[in-house]
Amino acid sequence: MRTVQFPQDFVWGAATAAYQIEGAYNEDGRGMSIWDTFSRIPGKVDSMDNGDVACDSYHRYLEDIALMKELGITSYRFSVAWPRIFPAGTGELNAKGLEFYNTFVDALLENGIEPVCTLYHWDLPQSLQDSGGWENRDTVDAFAAYADTLFRSLGGKIKKWLTINEPWCVSFLSNYQGTHAPGNTDLQTAVTVAHHLLLAHGSAVRKFRESGLTGEIGYAPNVTWMEPYSSRKKDVEACKRENGLYVEWFMDPVFKGEYPSFLVKWFREKGAEVPIQKGDMELIHEKIDILGINYYSGSLARYDESAGLTACEPVEMGYDRTDIGWPIYPEGFYKVLSYIQSRYGDIPIYITENGACYNDEPDNGIVADTKRVNYLHKHLLQLHRCISNGIPVKGYFAWSLLDNFEWAYGYSMRFGLVHTDYATLARTPKDSFYWYQDIIATGEVES
């Protein structure tokens with residue numbers, strides 16, 4: 001059996017997000033978030049599911065940390081629920097919220113697991129949304145104050161920070177396509193939100209630098225990779241726009257201090273302008289230490305005028321698909337990471353999310369999720385290929401530790417290494433859990 005070996009100091013982890021697992025939505029002073037509101041609007045979330053209980057990790061976090069320790073991960077990526085810290089988004093601090101996360105982080109450290117904290121994983125306080133949400137520039141200042149509070153409270157314990165998770169989802173998926181909270185369907189709103197998210201990111205990075213804390217800070221954009229189906233100019237340009245909407249739009253401002261002109265022009269032709277004010281680009285351009293990358297899927301694609309914002313249409317090539325319907329395209333993992341390095345240089349990269357949705361159920365206490373194992377295997381081989389080609393990938397966080405609330409899909413889609421029975425909240429490690437456990441223990445992946 002041939003294997004490939006990952007570096008000895010490679011970080012193996014798993015990831016979750018607060019609203020997806022915590023539950024306890026109205027306990028200990030937590031305020032309402034936009035997802036509490038959105039999930040109660042008929043037709044927005046599958047089966048009218050919500051995160052009121054989710055995996056109940058707010059109460060069961062010690063059980064979940066025991067699972068992490070059994071798995072063998074050395075690092076755990078989680079997010080803080082902004083409404084637990086500032087129930088109204090700004091103003092009065094909720095001491096019980098800070099106490100929970102301090103206790104939780106202490107428990108991680110006691111078990112030899114490094115905490116990686118995401119400041120924003122989509123649960124904007126509803127009171128801020130009532131004032132315009134991310135479309136309102138004041139939300140940038142509210143986020144900076146929230147971030148500063150966490151840095152001062154947890155900064156001695158947490159050494160790795162991520163500001164914003166998947167800004168494409170927060171802006172375009174949530175405010176142009178309307179699929180996620182708050183459900184707007186306006187391009188100008190999406191472009192404005194995207195800009196304000198990047199400002200919020202830059203503001204948090206600046207607060208971190210001013211704090212004098214040791215550690216590293218970055219953010220976690222999600223990416224895809226659309227490979228042109230043909231060498232036709234229209235196909236090539238359509239793929240460039242689609243990839244650029246994830247990569248250049250959210251990375252050029254951070255790494256280069258400017259937006260990509262080809263997309264600025266594309267949006268302008270559709271009536272949307274970036275609301276840049278004096279000093280904005282300098283703030284967004286604040287130097288970061290690490291880059292988180294979330295990758296799930298990609299495809300061959302071609303130009304189709306009717307195919308949404310970028311006129312880029314995936315081509316059905318007989319791909320295997322996960323249960324959520326996403327094509328399995330591990331080659332895109334290598335291609336997009338190669339492109340990011342070529343464009344932005346040797347920024348240390350952590351894969352902050354990668355995983356697959358398969359809805360396997362327990363049978364006599366065993367969850368035989370062979371397809372998830374195959375997905376992870378193929379993507380880890382591509383990741384090793386990246387490292388072998390000099391791309392500075394430093395760690396990998398499987399999505400997700402637990403089956404959980406999958407946003408607009410509610411509880412109908414399962415990404416976990418651990419099965420969650422939503423009726424009893426019992427946790428059952430899947431076959432993928434034990435497969436990943438072996439990878440972590442040896443650092444080797446069969447080739």
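This is a predicted model: local features need pLDDT of at least 70, side-chain atom pairs count only at pLDDT 80 or more; totals for chains, interfaces and linings use all residues.
Which residues does Val205 touch, not counting residues up to four places away in sequence?

View 1. Val205 belongs to helix 9, which spans residues 187-211. Val205 touches Thr163, Ile217, Glu286, Lys287 and Ile288, not counting residues up to four places away in sequence. With a relative accessibility of 0%, Val205 is classed as buried. The C-alpha atoms of Val205 and Ile284 are 8.8 Å apart in space, although 79 residues separate the two in sequence.

**View 2. Packing of helix 5 against helix 7.** The axes of helix 5 (residues 95-110) and helix 7 (residues 138-154) lie 11 Å apart and form an angle of about 45 degrees. Helix 5 is therefore oblique to helix 7. Their crossing is right-handed. Leu98, Tyr101, Asn102 and Val105 of helix 5 meet Thr149, Leu150, Ser153 and Leu154 of helix 7. This contact comprises five nonpolar, three polar and no charged residues.

**View 3. Salt-bridge network of Glu361, Asp403, Arg414 and Lys430.** Arg414 and Glu361 form a salt bridge with an N to O distance of 3.3 Å. This pair links distant parts of the chain, 53 residues apart. Arg414 is buried at 8% relative accessibility, whereas Glu361 is partly exposed at 46%. A salt bridge also joins Asp403 and Lys430 (2.8 Å, N to O). Asp403 lies in the loop between strand 11 and strand 12, and Lys430 in the loop between strand 13 (427-429) and helix 16 (431-442), so the pair ties together parts that are 27 residues apart in sequence. Asp403 and Lys430 are both buried. Shared partners join the salt bridges of Glu361, Asp403, Arg414 and Lys430 into one network.

**View 4. Salt bridge between Asp369 and Arg372.** The side chains meet at 2.8 Å, N to O. Asp369 is buried, at 0% relative accessible area, and Arg372 is buried at 1% relative accessibility.

Technical notes:
Residues are numbered from 1 along each chain as its sequence is written. Side-chain values use heavy atoms; hydrogens and water are left out. Helices (H or I, at least four residues) and strands (E, at least two) are DSSP runs, numbered from the N terminus. Buried means under 20% relative accessible area, exposed over 50%, partly exposed in between (1.4 Å probe, protein chains only). Contact means heavy atoms within 4.5 Å. Axes are lines fitted to C-alpha atoms, for helices over the stretch in contact, and angles run from 0 to 180 degrees between N-to-C directions. Angles under 35 degrees count as roughly parallel, over 145 as roughly antiparallel, 65 to 115 as roughly perpendicular and the rest as oblique. A crossing is left-handed if the near helix is turned anticlockwise from the far one by less than a right angle, and right-handed if clockwise. Ala, Val, Leu, Ile, Met, Phe, Trp, Tyr, Cys and Pro count as nonpolar, Asp, Glu, Lys and Arg as charged, and the others, Gly among them, as polar. A salt bridge is a side-chain nitrogen of Lys or Arg within 4 Å of a carboxyl oxygen of Asp or Glu.
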